[in-house]
Structure formats: structure tokens, C-alpha cells
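Hi there,

Here is the structure I promised to pass on.

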There are 2 protein chains.
Amino acid sequence: MTSFTKTSVSTSPGPDPGALMGLERAKACFDPRDMYQIIEGTPEKAHKILDLYQSLERDPILAPSFKDYELSRGENREQTTSRIARMTQYVEQEPYPDFWRRLNLMTAYDPSLGIRIAVNLGLFINCIKGNGTDAQYKYWCLEKEAKYMKQLWGCFGMTELGHGSNAAGVETTATFDAETDEFVINTPHIGATKWWIGGAAHSATHSSIYARLIVKGKDWGVKTFVVPLRDSNHQLMPGVAIGDIGSKMGREGVDNGWIQFSSVRIPRAFMLQKYCKVDRDGTVTLPPLEQLSYISLLQGRVGMASDLYRICARFITVATRYAVGRRQFRGDGAKKGEETQLINYPLHQRRLMPILALTYVAALATDRLERQHESVVEELETAVKLNDEKAIHKSLGDTKSLFVDSASLKSTLTWLAEQSITESRQACGGLGYSAYSGFGKSYADWVVQCTWEGDNNVLGMSAGRTIMKNVEDVLNKNAKISGTSLFLSKAHEYLGGELVLQTEADLNPTTVLWALEALIVRVAFEASKKRDESSSWDNVSYERVLLSKLRCHQYMLLTFIDAMANIGKPELLYILARVVRLYFLTHLLENFSREFVNYQVLCPKLSLQISTQFIGVSCLQVREQAITLTDSFQIPDTLLNSAIGGYDGNWYETYFKVVKTQNDITETKAPYSLDLEAMLNRLSYNERGRLEKSAESIEKLSH
Amino acid sequence: MTSFTKTSVSTSPGPDPGALMGLERAKACFDPRDMYQIIEGTPEKAHKILDLYQSLERDPILAPSFKDYELSRGENREQTTSRIARMTQYVEQEPYPDFWRRLNLMTAYDPSLGIRIAVNLGLFINCIKGNGTDAQYKYWCLEKEAKYMKQLWGCFGMTELGHGSNAAGVETTATFDAETDEFVINTPHIGATKWWIGGAAHSATHSSIYARLIVKGKDWGVKTFVVPLRDSNHQLMPGVAIGDIGSKMGREGVDNGWIQFSSVRIPRAFMLQKYCKVDRDGTVTLPPLEQLSYISLLQGRVGMASDLYRICARFITVATRYAVGRRQFRGDGAKKGEETQLINYPLHQRRLMPILALTYVAALATDRLERQHESVVEELETAVKLNDEKAIHKSLGDTKSLFVDSASLKSTLTWLAEQSITESRQACGGLGYSAYSGFGKSYADWVVQCTWEGDNNVLGMSAGRTIMKNVEDVLNKNAKISGTSLFLSKAHEYLGGELVLQTEADLNPTTVLWALEALIVRVAFEASKKRDESSSWDNVSYERVLLSKLRCHQYMLLTFIDAMANIGKPELLYILARVVRLYFLTHLLENFSREFVNYQVLCPKLSLQISTQFIGVSCLQVREQAITLTDSFQIPDTLLNSAIGGYDGNWYETYFKVVKTQNDITETKAPYSLDLEAMLNRLSYNERGRLEKSAESIEKLSH
């Protein structure tokens, strides 16, 4: 008698991944709760997040479920709307920063919801705040309660069908009519149709639109205007044509729309006039600090960089837990009759452990970026309010740093997340392709991050251009670079031709940071020469994007080194030292080995050793604590929402149950089964056909 | 008066991408119809494909449409079923190879259809053909008409929830009952549940299953059996439990299912007994050539490698046409008032042109692989039929070559396709994310190719292991390697330490091929040493996958060089020389520069020049003929099924029309609009709430 019953009847022993998970946890050499605080930056933030997690996992509307993976476009939109309605109840009564944190945590599993609210509260309102007067902000956002998702729902009418990245090129016109004291908003041709506008298709009552200001025939460039789209009955305003732009690769919960304006009139007071002003008789006052208006767009970029941490934490948790519980083939040293756990294969470690290390490094770096953003915005607002010119000047410098930092982190990290989700999914084999593991929807939802709010290549080129200019200023004019690019001030030193990384002893965070900085300067230096030879910035676009990526890593490595200096617990330091080592060996020295070697910062022999020896050892070191390192992210099962990634590791049972719950097993025939059966039981071609192939009929026809 | 009407009213001139497309075609320096024949291999094949394209674009059921991008899971399944029913009409009356070609072409736009039929006609029937006797094949496939998708619908019951890659480890049992002369098929535990079985959920009447043969208590390993799943009323047979495995990342048109057998009895004659036989009294005859049974699985791999060409041809056509018609920003040398076409930016060329080059090289290589597969199968069948031992031995050698070739091409090319679709999509900016450009669905459908029919890493390790062994045999035993790995026989020569690529003059196909072969041998040689040191094959898994990738490129480059030797038209040779140069500069020397430099095949200085100088020049050379090179794929608009990739280049008009057609513009309110409106017009928190916050109520409650 070999049969036995546990949860179900087995006639031979099946797999037991939960037990394997227990063995991993028994090996923990640090407390995941301690690590969690390091990852989130402060104990207060860490505590707040657990509070919010608890509130979210209990909320009947906001909590995710496996049904989320089955929704049609219409159902997805409806669900998102219910969740928005639920969120309006929180926005009124919890502190605003807590509300944003809640939204940020939800974005990791429902990015459609995240972006629908962020377009309204982030882009629309920030546009009014950044471009409007205090009175305008007060009127639209506070008096009309837009800030609390009440009365108004705003969308952000910047991009057009013909202009996405080049926002300064939009072609919608806002022509001043001095007679009526109004602006006439018009879409001159198909290319100027507002496109992709999130919330426009069905939700928005208002839009903050980007249009060319035309006064007395003169084009003053692109300014911003508040334009009502729907009346109080939620019917389209006259002259406003709006449609749904339809299906997308992902984010189906968002009602992106297109808008065409046919001579729509708005009062002059609806132009946002913090900087540029048009008075009653059409006199235009030029803004001294208009460049500052773009700072309102930075919040989105900063947030997207941070999103990498949450999304990677989610999926590396799933993939690592799966790798512990999954056995396949017998690897070297396998016990008799036992297959090897995926996580014990060196190749599998090499696929996943660098993602785990990246997640840690990015967590700290994006936390720093968030804080940097907050302080820059605050500093600027104060300086402008006090009209303190010196402070404004300093603030502008810091804003420029933030532009470079957010551009390079947003682009580099959204790309890395794209690759990390893909690799984690593939590491879960076929089950990674099942909707219920969560990868598919998240990937499709994620990848638009590489394109919107600054296409990654465009942002990369922009950051890279600034880096090149900084290095040129230092080398040619002995300039000092302030802010986070301070290290570029030492450009002369970095150009000295010595190989920085020669032996294994050089493979420590500080020396690698130095080497990376040297590489940045050398690439920039050579790129400047190349640009001068061809008199073309376009010819060094590749190098500019490369510089942006390297700069992102410099920011991350530096932040991690700084953070480690403040950690007291030796057991945390011990494992974090292993994490950062794996990070720089793989993401820096291996991935950019071509540049490190070719620009003579790293010797080829050491480069080869890194690939063939050190990375393997380093992966194994991180693998030892992999489960505790992922447990440290503290993501509850409900929010992980993956049938193969639960805390207890018992994914065979869980996954099968989810499949059976989501797909009624009593429906054994498909709705189209009769068609199938008729097809299989069809007559022969001759019997069915009308070619009258029988000898008899042909005989008759031939006479 | 600045307004004017063309197709619609404009008040200022809009974009005119169609005109730009005309300018590109005027620059053509070769005839795309000539090139098309080169790409497809022979004029006959090329002609046949155009015939099939015409038939497909006209067929009301088989032709794709933009509606395909909007289907729910249920609708998708239903549509796939209609298309299958339509295909059964072709299978009966067109030559079988033509039918497969038709299916292959459809797979580029409807992979769900492709795989549903391929599981039945490919995997199920090939399993019977490969493992069954002639009589068994004749019975099931011809007499019962399975080959014509009639009477039977077969699925392929190999993988289980607990065993995907390691098929030899499946745990379903087939126990011989000598008393009744039957096999008892049983699923012992949850891990042995058949999983992912395409067609099982609703379509299949039969399954060819992999199960452990147990006779008199002895486990004889995994054999194959035909097991009926549904009766003639299409109801589940007793003891058979089947369910839908539910939503997936893509391929929603496929009814993948799970199957559990509870002591299901089948006649002994349902075991496939070409090799292993069980006679009436339970005597098992061991097969001398059982390894040959796996050859039936190779067809799928070969097909998937070929799919790369069709899918990349489709999307590089879209992305290149879009890049011609799209202007954004003003690049260096832009004319006054004009933005620059994306395709004229060096970085954009560097993103797309290498994919175009890869598509050409892969087209020829996969055509060769298809022919190689056909001849190996034929050769083996003849040899076995004649029982010609010498021929069988030769044939086994060729089969081994095919294993390595198909494994390395399938894995390397499905990965490259995944990256190529992603890069092409991102190169179309926001519109790449619109469902109607076609990228999203195709990506989601595609990526499972990296996992199924041999997980890419598992295949890569397998191919790499063979390469290592071959090199060891040559170096240690002076063995000669036959077949397509012939070059490894020169391993001694390649090990000589000279740098192969030192100056620009070395950058020609033949020398690069030599360098690549040298790199393969050197990597294999070092990997063998590393394996010996650790006595572990697992420790060199990374190197084995690397070898597999390099081997794929060796196969491709060699094939291209051979093909060029047979091309007569100088204008084709001229552009193809540019294409292959770009291919090896980017996909080989840049992407593997770490290995080329570190294993001392390429000098670092040249490597740097390749990245910073030669690739840019080479991209520009290919860009000049990019439209003609993509026109040469001859994909008709209907089958391209992309709103931004049409032949005429007028994507603004086309895309807008598709969006308006697919999304009724008269429905200005969403079905959930009332919820939204109620939310915006809600009472205040205090008015709504039950916290009785009014001073009056608190006053009352406090007494």
C-alpha cells in the first residue's frame, strides 16, 4: 500500500517545496526586520509602509486578486474606477504624504490605477502649481477641490500625435482674441491632435493643455492653459472632440484618449500665468525663470525610478522562492533519487542573484533621489517666495543636478527593470508564462515606463550631453561642478592613463567607484573629441546614452557606500558587503566590460577572471541568504499576488488551487465545442464539395 | 486664409510621411523582387509564398484584422477555432508541404492558431510516427484521418507540473496488467499532473502521453502511449480529469489544459512500439535505437528558429517605415523649419539597422536549417527502412549535428527575436505601445518560445556541452568532427595565441568567421580546464550557453558567406556585403567584445574603433537602402497588420482611422460614467461620514 492522504490522495510521494523553504529560513544570518528598515531608509517609513500594506491587504476593493489577471479592457477600466472611488475616501482623511505612499505601493500591483490618479493629482495639478499663479492654484486645486479628487478630474494635455518627446514642438494653438478677452484653442491638423491623454477618454472634466501662444499673429512658443472638456452633466463641451485611443499593450485600466479642439474659447484667466503673462490689451510679458516650469515634470521621473525597486522586489521574491522549491534534473553532487533545486545551479544563481543585488542597491539610491527631489523643490519654492536671487541661483544649480540624476536614473532603471522582469519570468520556466504568476501583466504594464515622461534614449542623451559639457568645462576652463556631479571636478586626475583595476584586491567598492568615475570622464573626453571632429552632437548620441547609464551606476554605488558607513549591525554589514560586491561585479564590471577594458580602466586579464571566477563565487555568497534577503522586502502574499511566490513556498498546492478556482472545472466543454465537434465529424471533401467529383456526375456533365 | 482640405480640413500643413516614403523608394539601388528570391532561398519557394500571401489576405476568416488586438480570452479561443475549421478545408486539398507553409506564414500573425494546429499535426502525429510502428502510424494518422484534422484531435502529453525541461523525469505511470492485457495509466500525485497540454482543455480527443512503463514492478523508464481523453460525444472518458490552466501572458487562443489520470485502462496495443515492445506475457524488449525517438521533437525547434525571420521581418518593416515617416526634434543639419526624420539620427540607425541585418542573415541560415532537417529525417528513414547499419551510423552523426544546430539556433534566435521586438517597439515611441501597431500582442505571444520545446538555457547548455566534448576529442584524441561542426577539427590551429583581428583590414566576413571559430575553441578549451578543476559541468554552464550562442552565429555567418558566393547580380552583392558587415560588427564583435578581447582574438584598440567609428558608418550604409531592404520581405499590409507600418507610409491617417473604427466615437460616456460622476460630486467627508462630527452631535453625545 503506497497510497496516502495529506491534503489530497497521493500514490507516491510528491514534491514538498514548503519544507525546502523552511531549511532556507533556518540558515538566516540576520533578522529580515532589521534589514527591512535599512531598505526603506528609516524606521518610521518602514513602519508606515507595513501599516499601509495591512490596510491594503484587508481592503475589499483595493486589494489585488487573481481575478485581476483575467479582466477584459472594459472590466479593467471599471475595476480601476471602483478603486479610484475608494481612494477618494482615503485622500480626504489621511495625511497627503501617506496617501501618496499608499498610491505608490498600489502602483506595484495596479499601475493603471497608479497612473490614472497620478495624471490627475501629479501632472495636472503640478502643471497648475508649476505654471499658474498662487491664486490660480488656490482656485482650481483647493477651492474647486481638485486636489481631493472632487468636482474636477484633470488630465494633462501635453503630447500630440505628431509630438511626443519634443514637447516644445506641439502645434495646438491658443490665439488671443483681444475683442472678447479670450483664447481660441484650435487643433490645426491631424498631427496636432492631443494623443495618449490619460483620463481624457472618459474621466476628465478639465485638461491642462500645452499650446502655442499666438498674440497678434506672433508665435510666443508653448504655454499652458486650463481647458474644460466636459460640462457638469459630463457631456463634451462644444468644439471638443474626444475619443478613446483604444487597446494598448498594457495598462488597459487607463482611459487614454485623443482630443481635437475646434476653435474652443476660454477666458484669458484660464491661461496659467506664473511666468508668462498676457494682459487685457494683448501685451505679453516674458518670464525670467520660465525654465523652472519644467521642474513640475520631475516628480514623475523620480517616482518611476523608485518604481524599479518595488517591481523588482516583487518579482525577485517570486523567482527566488520558486527557485528554492523547484527541483529539475540532477546536478553535480545530487543525492541519490533527488533532483537538484534550481537555486543550487550556478547558472540559475547567475541569472537571479544579480537582480537581487540590483534591487538592494536601487532601493537605497531611489530613496535618496526622492529625498533629493523633495529638498530641491522646497528650497526653490522658498527662494522664489523670498525673491532671494542668490538662493535662486543656488537652487537652479541643484535643479540641474536633479535633471541629470532623475533622467539617468529613470532611463537606466526602467530599462533594467524591463530586463529583470523578463529574466525572472524566464527563470520560472513555463509557470512564469502563466498569468497567475503575475509576470505577464506586470511586464506589459511596466514597459511603457521606458517610453513616457521622457523616452529613455532622449533622456539618456540629455543627461549625457550635460556630463560631456561638465567635463569640458572642468578640463578647458577649470570649472568646479557642484551638486551630485561634484566628482567631475576631478576630471584631470581621472584622465591619467593608469589602469585602475588590475588585481582582485582592487575589487572593492571604493576603488570600483573611482574606476567608474574615471571611465565616465574618459568616455566623455573621447566623445567630445569625436563631436568636435564631426561638429555633430548626434554623432555621439550612443556615447551620451552610455554616459547616462554609467552615471546612474555611479549615483547608486556612491549612495550604497555612504549608507553602509551608517549601519551599526555587523551581520547586516556582512551580507550587504556581499550584495554590493555582486552588484558591481555583474552590473558594472561585467556588463560594461567592453568600456572598462577598452578605455583602459580595467585590465583584460582581470576582466576575464571576473567573468569566469569571481562572479560565480559572489553569486553563491548571496544565494546563501537569498530567501532572507527577499523576505526582508516584507511584501505580503496578497500584494505579491503570485500563485508561485507565496511565503510558505508551497506553490504546487497554491498554484493548482488558483487554477481550479479561476477556471470552473465542471465546464468540460467550451462554448464553441459544437463547432469543433462538427469539424472533426465533417464529411469528406468530395461528399461536402460542389465539384461533383463522382464518376456519375462527371459522366453526365461530359455529355 | 490658411485652411485647406485634402482628406480632412487643416488650418496649417500637417505631416506628410507618405511623401518621405516615396523619396526613399526613389533611392533604391536594387530590385526588391530580386532580393526577395534570395531571402526565401529559391524562386519557387518565393513564388509559392506570394501565392499563399494572396490567398490569406483575401480569406475572410484567415486574414488578420485590427479586431484581433481587442479579443478577450474567450473570443480569442473562438476565433482560433474558426480559423482551425477553415484550415481543415485547406489541409484536405493542397499539397502537405504547402499547407505547412501556409501555417508557418500565419504563425507570424496568429501564433495561437499556429501552435494549436502544430501540436496536433506536429507533436502528436510526429510522436506516433517517431515512436509507433508503421501500422500504428497508419491506423491513427491515416485510417483515422488525424493527419487531416478529422475524427481525432491529438494533444501531446509530455510535460507535467513537476517536470518540464527534464522530460525523462515525468512521473505518470503506465503499469502493465498482464491479466487484462492492458496498461493502467495513473497520475500518482499533484506534481505528476500533465500540465500546459495545448489543446487538452477543450479540443483534444486523444493524447500521446509520456509515462513510466512499469512491468512486474520494474520501472523501464519513460515510453509513449496513445490515451483517449474524450468519447465520441466529446465527453471526458471515465478516470480522466481535465481542466483549463487559464490565463497566460499570451497565446490566449490556445486551450492549454491539465490532465490527471486515475487508473485509466488502455489496450496494450495503444503503447507506441517502434522501439520498445511489451509482449502478451509482459516481456519487455529493449530498443537498440531508442534515442532516435527524440528526433521527432526537432521539427518544432527548427520551426521556431525560422519563426525569428518572419517575426523580425514583420517588425523591422514596421519600425523602419515609421522611422522614415516620423520627424522629431531638429538634428544636426536640419533644414530651417523642419524636424529631422528619426531614421536620420545615428542613434536610431544604431538601434534598428542591426536588427535589419540580423533578419537577413537569419533568413538564410534558418532556410538552410530547414533543408538540413528535411534531409536528415529522410536519410534516417531510408537507412532504418533498409536496415543499412553503415547508413544508420552516418545518419546518427548527422542527427547529432542537427541536435546541436537546432538547439543553438532555437535558443539564440528566440532570445534575439525577443530583444528585437522590444527594441523595434521602443523605437516607435508611444505608438509602439498602442495595440494597433501590433507589437504588444506579438511580444506576449512570442516570448514563450524562449521557454518551451527546450528551455533556452537548457538547450544552450546541452549544445555547449557537445561543443566542449568535440573540442576535447579533437585536442586529446585527434578526433575528426563531421557534419556542421567540421571546423572544430581544426581546434589545434585555433588555439595558437595570435590575435586574429588586429586592424580594420581584418574586418571581412572570412577573417571574422575564422576569429569566431577561434573564439569558440578557446572558450571551450578554457571551460574544459575549469570543469576539470572543479569536476563539475554545472560550474561551466555559463560558458556552455555562451558557446551555444557563438556557435549559432558561426552557423549563420558561414551560411551567409556561402550564399553570397552564389549570387550573380552585383547590385545585390553590393548591398548584402554591407548587410553582413553590419551584422558581424554589431551582433558579433560588439556584443561579444568582452569575449573576443579577453580571449585575445580581437585587439582592444580595434574593439574600441568598432564601437566608436565603424558601426556608425556601417549603420548609415545600410540605412541608405533600408526601405528597399524591408520592401524585399514582401509582406502585404493585411498580414503586417500594423496601423503604423503600411506600405504607403501614410501612418497618421491610417492609424487615426483604425483608432476611430475600433472605438466608437459616438460613445462619449463610459459604461461606468455614473459612478465616476457620483464620485466627483460626492458630499464632504463630514456630511457623508458617520463620525457625527457636527458640534451639535458631539455636544449631545458628550452629555
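**Cysteines, helix pairs and one tyrosine**

A:Cys276 is in none, and the nearest cysteine sulfur, that of A:Cys127, is 13 Å away. A:Cys619 is in no disulfide either; its nearest cysteine sulfur belongs to A:Cys312, 16 Å away.

Before I go on, please keep in mind that this is a predicted model: local features need pLDDT of at least 70, side-chain atom pairs count only at pLDDT 80 or more, and totals for chains, interfaces and linings use all residues. Residues are numbered from 1 along each chain as its sequence is written, chains are lettered from A and ligands numbered from 1 in the order in which they are written, and side-chain values use heavy atoms, with hydrogens and water left out.

Now to the helices (DSSP runs of H or I, at least four residues, numbered from the N terminus). In chain A, α14 (residues 509-534) and α15 (residues 541-564) have axes that come within 10 Å and cross at roughly 160°. Axes here are lines fitted to C-alpha atoms over the stretch in contact, with angles from 0 to 180 degrees between N-to-C directions. That makes α14(A) roughly antiparallel to α15(A), as angles over 145 degrees count as such. Among the residues that meet are A:Leu513, A:Leu516 and A:Ile520 from α14(A), and A:Leu547, A:Leu550 and A:Leu557 from α15(A); contact means heavy atoms within 4.5 Å. The residues of this contact divide into 15 nonpolar, three polar and four charged.

In chain B, α4 (residues 73-91) packs with α6 (residues 111-131) at an angle of about 55°, with the axes 10 Å apart. Residues of α4(B) in this contact include B:Arg77 and B:Ile84, and those of α6(B) include B:Leu113 and B:Arg116. Here the residues divide into four nonpolar, three polar and three charged.

Lastly, B:Tyr345 sits in the loop between α8 (298-325) and α9 (346-386) of chain B. Leaving aside neighbours within four places in sequence, B:Tyr345 is in contact with A:Asp538 and with residues of chain B including B:Phe329 and B:Thr340. B:Gly331 is 14 residues from B:Tyr345 in sequence and 7.2 Å from it in space, C-alpha to C-alpha.

Best wishes

Conventions. A disulfide is a pair of cysteine sulfur atoms within 2.5 Å. Helices (H or I, at least four residues) and strands (E, at least two) are DSSP runs, numbered from the N terminus. Ala, Val, Leu, Ile, Met, Phe, Trp, Tyr, Cys and Pro count as nonpolar, Asp, Glu, Lys and Arg as charged, and the others, Gly among them, as polar. Angles under 35 degrees count as roughly parallel, over 145 as roughly antiparallel, 65 to 115 as roughly perpendicular and the rest as oblique.
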